[in-house]
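User: I'm new to this structure and would like a friendly tour. Could we take it step by step?

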Amino acid sequence: GMNYLYNTKKELKNKLFLHRLGTKDININKNINNKKFVILTCSRIAKIKRLHLLAKTLENIKDADISWIHYGDGDSNYLEKINEYIKNCGSNINIEFKGFYDNDEYLEEISIEPYSIFINISESEGLPVSIMEAESVGLPIIATNVGGTSEAVVDGYNGILIDKDFSISELKNSILKFKSMDKEEFNVYRMNSRRIWESKFKLSENYSEFIDHIKEL
């Protein structure tokens, strides 16, 4: 958004400042691993989030044991569409929709439960707070390269960025890449996620800097 204004409104060039949102520190989750492979998603259930494409992808994975846990509720008609794909998944795929959770309860869950990766395959985004929260506990990320997501997810560093119009095979291969990754490489991705959160999305620092800047003005 800032870059757009910078490039289109030259008169604002010296009046633009970037202050990101942030999330509170809930500490890195020491139980994150890719042995028992668990995908985490968190969003409202809406077509723009394209959760049916994740279900369709898991339908096409036949030779790997994978769990998918989703937090959030929303459009019941769209949930029915997702369930149609879920019905076609093999016995190797376990899926649980947790429904609505209070944010503090959700953060408590992701700080201790043994998840493996966080996925966001939205068609459109700003800069997802859900990704910031996932990074704060050290989860590697798979996400579509839309909106400001690339500010939080660096391809090959703390996750995998896929095209907005990705293919099912592309998402499948990205998931299986993390599942088959050796422990050392997987842990590098984990720690890099935490590093990005610390450098860009730490609430205590971001809000203090913003307040100090307002005072200066």
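User: Where is Asn-27 placed?
Analyst: This is a predicted model, in which local features need pLDDT of at least 70, side-chain atom pairs count only at pLDDT 80 or more, and totals for chains, interfaces and linings use all residues. Residues are numbered from 1 along each chain as its sequence is written, and side-chain values use heavy atoms, with hydrogens and water left out. Helices (H or I, at least four residues) and strands (E, at least two) are DSSP runs, numbered from the N terminus. With those names, Asn-27 sits in the loop between α1 (2-8) and β1 (37-42).

User: What is the phi of Asn-27?
Analyst: Most residues other than glycine have a negative phi. Asn-27 is not a glycine, yet its phi is positive, at about 70°.

User: Is Asn-27 buried, partly exposed or exposed?
Analyst: Buried means under 20% relative accessible area, exposed over 50%, and partly exposed in between (1.4 Å probe, protein chains only). Asn-27 has 47% relative accessibility, so it counts as partly exposed.

User: And Arg-50: is that residue buried or exposed?
Analyst: Arg-50 is in the loop between β1 and α2 (51-59). Arg-50 also has a positive phi, about 55°, although it is not a glycine. Its relative accessibility is 10%, so Arg-50 counts as buried.

User: Which side chain of opposite charge is nearest to Glu-135?
Analyst: Glu-135 belongs to helix α5. Lys and Arg count as positive and Asp and Glu as negative, while His and the chain ends are not counted. Glu-135 is buried and has no salt bridge (a side-chain nitrogen of Lys or Arg within 4 Å of a carboxyl oxygen of Asp or Glu). At 7.9 Å away, the nearest side chain of opposite charge is Lys-200.

User: Which side chain does a polar contact of 2.9 Å join to that of Glu-135?
Analyst: A polar contact is a pair of N or O atoms within 3.5 Å; within protein, one must be able to donate a hydrogen and the other to accept it, and residues adjacent in sequence count only if both atoms are side-chain atoms. At 2.9 Å, the partner of Glu-135 is Asn-158.

User: Which helices each supply at least two residues of the lining of the second largest pocket?
Analyst: A pocket is an open set of points on a 1 Å grid over the protein atoms alone where a 1.4 Å probe fits, with protein on both sides within 12 Å along at least five of seven lines; lining residues have an atom within 4 Å of a point. For the second largest pocket, the helices are α4 (103-112) and α5 (129-136).
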